[in-house]
Amino acid sequence: MKLSKKVVLLGHFGVGKTSLFRRFVDNEFSEEYKVTLGVQIKKKLVQLPDGRELSMIIWDTEGHSDSIEDTRKSYLLGSHAFIYVFDITREQTYSTLKQDLEYLEKHYTKVPAKVLGNKLDLVNEKEITSHLKSQNIPFDCLTSAKTNKNVQDFFSDLAKDITK
Ligand SMILES: Nc1nc2c(ncn2[C@@H]2O[C@H](COP(=O)(O)OP(=O)(O)OP(=O)(O)O)[C@@H](O)[C@H]2O)c(=O)[nH]1
Ligand SMILES: [Mg+2]
């Protein structure tokens, strides 16, 4: 049977959701900022280490400015994983992180949520890591959609996680 999973990119405006999506699916990047309206969906075939092939259906949603509760429920329903993206250069984009994760956990109990800090090319990795830790900001990975740093590894690990 065909293995297929829905993965949803979430997070504040301009954090790089679309850029990560384009980098992973098409290996492209643009400096130009075009706000996403609604959602765009693309499929990416991922080869798993055990030989199976996963059809990852990735939903790139429009950003939210306040709380994640503003996100349409239809984007979230039926998901197998959430990727919560924030911009490590803008504190405001992770100011609601903990409440947002609690909201997802409460309403989508069985769906894992991974937290990604993006735009790693703009900061010093050691400094930002200790800053986030000192603020108790939980994150799974730091990436740069621009340089491609950690992007492929992040999605490969996610693919393994959701097909265990
Ligand atoms: N330097 C740098 N810029 C980035 C990176 N990722 C995205 N950007 C830039 O940040 C801006 C916003 O990126 P988008 O990918 O459109 O952000 P988004 O989260 O999809 O925004 P919305 O759709 O409005 O929610 C664009 O100008 C991108 O070029 C990154 O890793 N490094
Ligand atoms: Mg977007």
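Q: Two strands pair if DSSP finds at least two bridges between them, so what joins β5 to strand β6 (residues 141-143)?
A: Three bridges do, and the two strands run parallel. The cut-off is at least two bridges, so β5 and β6 count as a pair. In this pairing N118 stands opposite T143 in β6. Keep in mind that the model is predicted.

Q: How do you know that strand β1 (residues 3-11) is joined to β4?
A: Count the bridges again: β1 and β4 share five, running parallel. A pair needs at least two, so these strands qualify. One spot to look at is L10, which stands opposite Y84 in β4.

Q: And what makes β4 and strand β5 (residues 113-118) a pair?
A: Six bridges, in the parallel sense. With at least two required, β4 and β5 therefore pair. F86 stands opposite G117 in β5, while I83 has K114 as its bridge partner there.

Q: What kind of unit do β5, helix α4 (residues 125-134) and β6 make?
A: A β-α-β unit, and it's right-handed.

Q: Why is strand β4 (residues 81-87) called largely enclosed by the rest of the structure?
A: Because seven of its seven residues are buried. For each of them that means under 20% relative accessible area. Both sides of the strand take part: A81, I83, V85 and D87 point one way, F82, Y84 and F86 the other way, and all are buried.

Q: What makes the buried residues of α3 line one face of the helix?
A: The buried ones are L97, D100, L101, Y103 and L104. Looking down the axis of α3, they fall within an arc of 155°, so they line one face. An α-helix has 3.6 residues a turn, so residues three or four places apart point the same way. On the other side of α3, E102, E105 and K106 are exposed, so each has over 50% relative accessible area.

Q: How do you know that the buried residues of α5 line one face too?
A: In helix α5 (residues 151-161), the buried residues are V151, F154, F155, L158 and A159. Down the axis of α5 they fall within an arc of 135°, so they sit on one face of the helix.

Q: What makes D121 a polar contact of ligand 1?
A: One of its polar side-chain atoms lies 2.7 Å from a nitrogen atom of the ligand. The cut-off is 3.5 Å for a pair of N or O atoms, so this one counts. A polar side-chain atom of K119 is 3.1 Å from an oxygen atom of ligand 1, and a polar backbone atom of V15 also lies 3.1 Å from an oxygen atom of ligand 1. Taken alone, ligand 1 exposes 650 Å², and the protein buries 94% of that. In total, 23 residues surround ligand 1, with S19, S30, E31, Y33 and D121 the closest.

Note on methods. Residues numbered from 1 in each chain as written. Chains lettered and ligands numbered in written order. Predicted model: local features only at pLDDT ≥ 70, side-chain atom pairs only at ≥ 80, totals over all residues. Heavy atoms only, no water. Buried < 20%, exposed > 50% of the residue type's maximum accessible area, 1.4 Å probe, protein only. Helix = DSSP H or I, 4+ residues; strand = E, 2+ residues; numbered from the N terminus. Near = heavy atom within 4 Å. Polar contact = N/O pair within 3.5 Å; in protein donor to acceptor, adjacent residues only side chain to side chain. Areas by Shrake-Rupley, 256 points an atom, 1.4 Å probe, with all protein chains shown as cover. Arc of directions from axis to C-beta. Right-handed = clockwise from strand over helix to strand, strands pointing away.
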